[in-house]
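Q: Please take a close look at one part of this model, the sheet and what surrounds it, with the cut-offs behind each term spelled out.

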Amino acid sequence: MVCFIPSTNNPIILHRFVSDLLEKLKEEMGSHQYYMNRCTMLRARLREQQAKYQEQLDVLGQELQQSRTNPPPAGGANECVVCMENDVEVAFVPCGHFCVCVGCAAGLAQCPICTHDVERELRVYMS
Ligand SMILES: [Zn+2]
Ligand SMILES: [Zn+2]
C-alpha cells in the first residue's frame, strides 16, 4: 500500500489521515483473512482427497498381495460369485473385493461379499 504522510502539523488533517489509514488497513486485513481462509479450506480438501486415494491404493495393494500369496486354483480363473458362470472382471472401490463379472457388477449397489456400498467399479484386466 502506498501512503503519503502529509507534511503538516495541523492536528485535524493528521487525525483524518490516520483514521483513513486505519480504515484502509482494516479492509486489507479483511481480504487477506478471506484468502487465508480459502487457502486453508482448499488445503484441507486436498488432504482429504489424498487420504481417500491413499486408502483405495492400500486396499488394492492388499488385494494384489493376497492374490499373489494365494494364487487362484490352477486351471480355473476366478468365477463371478453372482452368476457362477463368467470370469471375475470387476473390483469394487473402496472395499477392494474382486468378485464379479462386468454384467453382474452393473446391477450391484453393494459388494456381495462384504455388503459395503460400491462407490466405483474398477475393471481389471488379467494379462
Ligand atoms: Zn456374473
Ligand atoms: Zn467388499
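A: Within the sheet, Val-90 has Val-100 as its bridge partner in strand 2, and Arg-123 as its bridge partner in strand 3. Strands here are DSSP runs of E with at least two residues, and helices are runs of H or I with at least four residues, both numbered from the N terminus. This is a predicted model, in which local features need pLDDT of at least 70 and side-chain atom pairs count only at pLDDT 80 or more, while totals for chains, interfaces and linings use all residues. Residues are numbered from 1 along each chain as its sequence is written, and chains are lettered from A and ligands numbered from 1 in the order in which they are written.

The three strands form an open sheet in the order 2-1-3, with antiparallel pairing, where two strands count as paired if DSSP finds at least two bridges between them. Strand 2 and strand 3 (120–123) are the edge strands, each pairing on one side only. From one strand to the next the twist averages 45°, an angle taken between N-to-C directions on a scale from 0 to 180 degrees, with axes that are lines fitted to C-alpha atoms. Strand 1 and strand 2 are antiparallel and share two bridges; they form a hairpin with four residues between them, and Gly-96 in the turn has a positive phi of about 90°. Strand 1 and strand 3, also antiparallel, are joined by four bridges, and Val-93 stands opposite Arg-120 in strand 3.

The largest nonpolar core has 12 residues, among them Val-90, Phe-92, Cys-99 and Val-100. Such a core is a set of buried Ala, Val, Leu, Ile, Met, Phe, Trp, Tyr and Cys residues joined through C-beta atoms within 7 Å; a residue is buried if 20 or more other C-beta atoms lie within 10 Å of its own, exposed if 12 or fewer, and partly exposed in between, with C-beta atoms placed from the backbone. Strand 1 (90–93), strand 2 (98–100) and helix 2 (102–105) each supply at least two residues of the core, and the largest share, three residues, comes from strand 1. Not counting residues up to four places away in sequence, Cys-99 touches Val-81, Val-88, Pro-112 and Ile-113, a contact being two C-beta atoms, placed from the backbone, within 7 Å.

Asp-117 lies in the loop between helix 2 and strand 3, and is exposed because 10 other C-beta atoms lie within 10 Å. Leaving aside neighbours within four places in sequence, Asp-117 is in contact with Ala-109 and Gln-110. The C-alpha atoms of Asp-117 and Cys-95 are separated by 8.3 Å, although these residues are 22 apart along the chain.

As for the rest of the chain, the elements run α-β-β-α-β from the N terminus on. Helix 1 (residues 11–69) reaches 85 Å from its first C-alpha to its last, close to the 87 Å expected, a span defined as 1.5 Å times one less than the number of residues. The number of buried residues among the 59 of helix 1 is zero, so this helix lies largely in the open. Of the 127 residues of the chain, 11% count as buried. Confidence is highest in strand 1, at a mean of 96, and lowest in helix 1, at 88, where pLDDT is the predictor's confidence in each residue, from 0 to 100.
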